[in-house]
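Try each one yourself before you read the solution.

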Amino acid sequence: MIKFLLMVNKQGQTRLSKYYEQVELGKRAALEADVVRGCLARRKEECSFVEYKDYKLVYRQYAALLIVVGVTENENELSIYELVHNFVEVLDKYFSRVSELDIMFNLDKVHIILDEMILNGHIVETNKNRILAPLLALDKMTES
Amino acid sequence: MSDVVEKTLTALPGLFDSQTGAARITNRLRQLIKSITELTSKHDEENLIKQELSAMKEQVSSPNTTMKQMREVMVRAMYCEMLGYDASFTYIHAIKLAQQGGVLEKRVGYLAVSLFLSEGHELLLLLVNTVLKDLQSTNLIEACMALTVVAQVFPKDMIPAVLPLVEDKLSHPKEIIRRKAVLALYKFHLIAPTQVQHIHGKFRKALCDKDPGVMTSSLHIYLQLITESPDGYKDLTGSLVTILKQVVGGKLPVEFDYHSVPAPWLQIQLLRILSLLGREDPSTSELMYDVLDESLRRAEMNHNITYAILYECVKAVYTIHPKAELLEKAARCIGNFVLSPKINLKYLGLKALTYVVQHDARLALQHQMTIIECLDHADYTIKRETLELLFRITNAQNVTVIVEKMLDFLHGCNDEHTIIHLVCSG
């Protein structure tokens, strides 16, 4: 299962965090900093998976943003690696080539999108149209 | 994703001044975001957030705050908590927002609740009435939101209050409602399995739903149930094999494709379930040989997601009752992974070998040289995975060499978890 998903910039500033397993508020910043440090220390030619404590991290970098997913031992790392990409492609579709600022100015919407894809630490939807449908309907209702 | 942080940062003033920009976000939220981008120290951050929190405290207690403004407050609260600062005074207002707001505000209220409150939080009880109301709403969007939040966080003791309504949604004409109802029931099963025992029959209906999305959501429940006790579900094998065949054969609408691969995560899910059903059961395994062969063949394309499916396929082949031709193909697949220059594949290959070596030690021996090379690999993750593998295949002849390498590794290893894990496995 997925334990958490983070979007952090290279300076270590968290732009989005979603926890699927309860982690105390006070402990999150330290966890995130540690996780990001571990991923940023990796070189380009190294694999996108890191052992961390008793679980694993799958990370993928997109320009200034690092997306890190914490997963349990039995999870298929490569499928999560591609899930991250699917997520970014969905964001690209909604924001027309998403940027770090899009995420910052639309934190609630990015969460809403993520909620369509992952629930209780499991992948529940990967069809881009279906992922975006509820948010697009919401946008339409809000405009009118 | 565009790579233009600098470009967008200089565009910042434009964003604030433009008509559309101002219409979408108010002063306070944009000010907060602007300030966050300008932060240079932890001290700065603390001051900023302290100020922000006191401004928010005022706003939430003011009778003049509109629902629209409250939504902004929630987003600001999300930011504060994301940075690690407690904004618990806003929690009750999140629930109020879900209760009283228009659609977008309601959604943000629900979102805030799912982010702020965890299982067992006393405020969750206050959510129940709002959820009940929204579940019965003629507005599908509201019903969807309610189902989503129920699947994320809901007080266990109040399940009976919403269960009939959620159950009812299983036969709704819209697929999104049926799909989300199934996921809500999955949540109920996770937190209070006895409460949903009586509706297992309805999960079957969901599995056979004509909409692939609804069928997929039922698989979460089935994976759980089958992991707990596979025997009760062997009769599902036929249906699951048929579904996988159809997916692999490209029978799903094209929108379920990801880079031309049909519903890859669904394939992976099905392969996992089938492994559990076929394990130590020759007759059940017999039913799946064809489709596994098909999957191994179809996954020819050079894309990461295809490799991810292949990995799952290989694991399945080695988990169920053995079939020689399949094992051969799977072994070749693992070989390709381990020898691949693509580092992620190499990792997956090593991981597969570790899994497989319990069933077939010879495969590991076949790749001994590559494995020994990986032990000296520059990538720490690869090294560690290799060591893990080596523990499993050590035999009398190569034990000295391996123990020496292991000791070298442990001497150079700083990570506590790794040391404990590896020493215990040894």
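**Exercise 1.** Is Lys329(B) buried, partly exposed or exposed, and what is its relative accessible area?

*Solution.* Keep in mind that this is a predicted model.
- Step 1: the relative accessible area of Lys329(B) is 30%.
- Step 2: buried means under 20% and exposed means over 50%, with partly exposed in between.
- Step 3: Lys329(B) is therefore partly exposed.

**Exercise 2.** Find the salt-bridge partner of Lys329(B), and work out which parts of chain B the pair ties together.

*Solution.* 
- Step 1: the partner is Asp293(B), and the closest N and O atoms are 2.6 Å apart.
- Step 2: Lys329(B) sits in helix H19 (residues 324-339) and Asp293(B) in helix H17 (residues 289-298), so the bridge ties together parts that are 36 residues apart in sequence.
- Step 3: check the partner's surroundings too. With a relative accessible area of 21%, Asp293(B) is partly exposed.

**Exercise 3.** Stay in helix H17 and describe how Glu294(B) and Arg297(B) are placed.

*Solution.* 
- Step 1: they are three residues apart in that helix, about one turn.
- Step 2: their side chains meet in a salt bridge, at 3.4 Å from N to O.
- Step 3: Glu294(B) has 24% relative accessibility, so it counts as partly exposed. Arg297(B), at 48%, counts as partly exposed as well.

**Exercise 4.** Now hop over to chain A: which elements does the pair Glu100(A) and Arg15(A) tie together?

*Solution.* 
- Step 1: the two side chains form a salt bridge, 2.8 Å from N to O.
- Step 2: Glu100(A) lies in helix H3 (residues 100-105) and Arg15(A) in strand E2 (residues 14-19), so parts 85 residues apart in sequence are tied together.
- Step 3: Glu100(A) has 9% relative accessibility and counts as buried. Arg15(A), at 5%, is buried too.

**Exercise 5.** Zoom out: how many salt bridges are there over all chains?

*Solution.* 
- Step 1: the count comes to 38.
- Step 2: some share partners, and one network joins Glu125(A), Arg130(A), Glu175(B), Arg179(B) and Asp211(B).

**Exercise 6.** Decide how far you'd trust chain B: what is its mean pLDDT, and where does pLDDT stay under 50?

*Solution.* 
- Step 1: the mean pLDDT of chain B is 88, and 87% of its residues reach 70 or more.
- Step 2: look out for residues 14-24 of chain B, where pLDDT stays under 50.
- Step 3: for the complex, the predictor gives an ipTM of 0.97 and a pTM of 0.91.

Key:
Residues numbered from 1 in each chain as written. Chains lettered and ligands numbered in written order. Predicted model: local features only at pLDDT ≥ 70, side-chain atom pairs only at ≥ 80, totals over all residues. Heavy atoms only, no water. pLDDT = per-residue confidence, 0-100. Contact = heavy atoms within 4.5 Å. Salt bridge = Lys/Arg side-chain N within 4 Å of Asp/Glu carboxyl O. Helix = DSSP H or I, 4+ residues; strand = E, 2+ residues; numbered from the N terminus. Buried < 20%, exposed > 50% of the residue type's maximum accessible area, 1.4 Å probe, protein only.
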